[in-house]
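Student: I have a model open and would like to learn how to read it. Can you walk me through it?

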Amino acid sequence: MCIYLSKTISTNWQVACSSFLLSLVRHAVFTTSRFLAGRNKRRSLAANAVATEQKASKVLGLVFFTFVLCWSPFFILNIIFAACRDCHVPEHVVDTCLWLGYVSSTINPVIYTVFNKTFRAAFIRLLRCRCHRSARPSR
């Protein structure tokens, strides 16, 4: 009976130890995989944030360049008028330079529409007179 009892205790001990080690290994693998998945997710979120900021910088750079390009003739004409009172500039040139500045404000929504899906969806909805809110478009 003693031998049987010691074999049973020994077997139970082995089962308990192997179960514990198996759960420990399973926990370690699960924790490591969650850690790596979270780290990859954080990296992808950081990469997405950087890509979004770069895209926004490009759009803002384009908007600024368009603004400068469109308004420069108007301001150059004003400098010419201030520096040279006797210089004659045809009226249609002055009007064209002024309207070119106004065109800058018209071009901005077009630029935003081309580069931003959310803005594009809202702009199209506005043009179609569908002003109710709908689900956000997928990115």
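Student: Where is confidence lowest in the protein, and where is it highest?

Tutor: Look at pLDDT, the predictor's confidence in each residue, from 0 to 100. In this predicted model, helix H1 (residues 2–83) has the lowest confidence, with a mean of 71, and helix H2 (residues 91–115) has the highest, at 89. The protein averages 75, and 63% of the residues score at least 70. Since the model is predicted, local features need pLDDT of at least 70 and side-chain atom pairs count only at pLDDT 80 or more, while totals for chains, interfaces and linings use all residues. Residues are numbered from 1 along each chain as its sequence is written, and side-chain values use heavy atoms, with hydrogens and water left out.

Student: How many helices and strands are there?

Tutor: Helices (H or I, at least four residues) and strands (E, at least two) are DSSP runs, numbered from the N terminus. Here you get three helices and zero strands, so to speak an α-α-α pattern along the sequence.

Student: What happens around helix H3?

Tutor: At the start of H3 (residues 117–127), a side-chain oxygen of Asn116 comes to within 3.0 Å of the backbone nitrogen of Thr118. Just after H3, Cys129 has a positive phi of about 60 degrees.

Student: Which residues does Thr66 touch?

Tutor: Contact means heavy atoms within 4.5 Å. Not counting residues up to four places away in sequence, Thr66 in helix H1 touches Ser104, Ile107 and Ile111. Ile111 sits in helix H2 and is buried too, at 8% relative accessibility. Across the protein, residues 24 or more positions apart account for 51% of the contacts with a separation of 6 or more.

Student: Which residues make up the largest nonpolar core?

Tutor: A nonpolar core is a set of buried Ala, Val, Leu, Ile, Met, Phe, Trp, Tyr and Cys residues joined through side-chain atoms within 4.5 Å. The largest one has six: Trp71, Phe74, Leu77, Val89, Val94 and Cys97. H1 and H2 each supply at least two residues of this core, and the largest share, three residues, comes from H1. Leaving aside neighbours within four places in sequence, Val94 is in contact with Leu77, Phe81 and Val89.

Student: And the aromatic rings: why is the pair of Trp71 and Phe75 given the class it has?

Tutor: A ring pair is described by the distance of the centres and the angle of the planes. Rings of Phe, Tyr and Trp (its six-membered ring) pair if their centres lie within 6.5 Å; planes under 30 degrees apart count as stacked, over 60 as edge-to-face and the rest as tilted. The structure holds six such pairs. Trp71 and Phe75 have ring centres 6.0 Å apart and planes at 40 degrees, so the pair is tilted. Both lie in helix H1, four residues apart, about one turn of the helix. Trp71 is buried at 15% relative accessibility, whereas Phe75 is partly exposed at 45%. Trp99 and Tyr102 form an edge-to-face pair, 5.1 Å centre to centre with 85 degrees between the planes.

Definitions and conventions:
A polar contact is a pair of N or O atoms within 3.5 Å; within protein, one must be able to donate a hydrogen and the other to accept it, and residues adjacent in sequence count only if both atoms are side-chain atoms. Buried means under 20% relative accessible area, exposed over 50%, partly exposed in between (1.4 Å probe, protein chains only).
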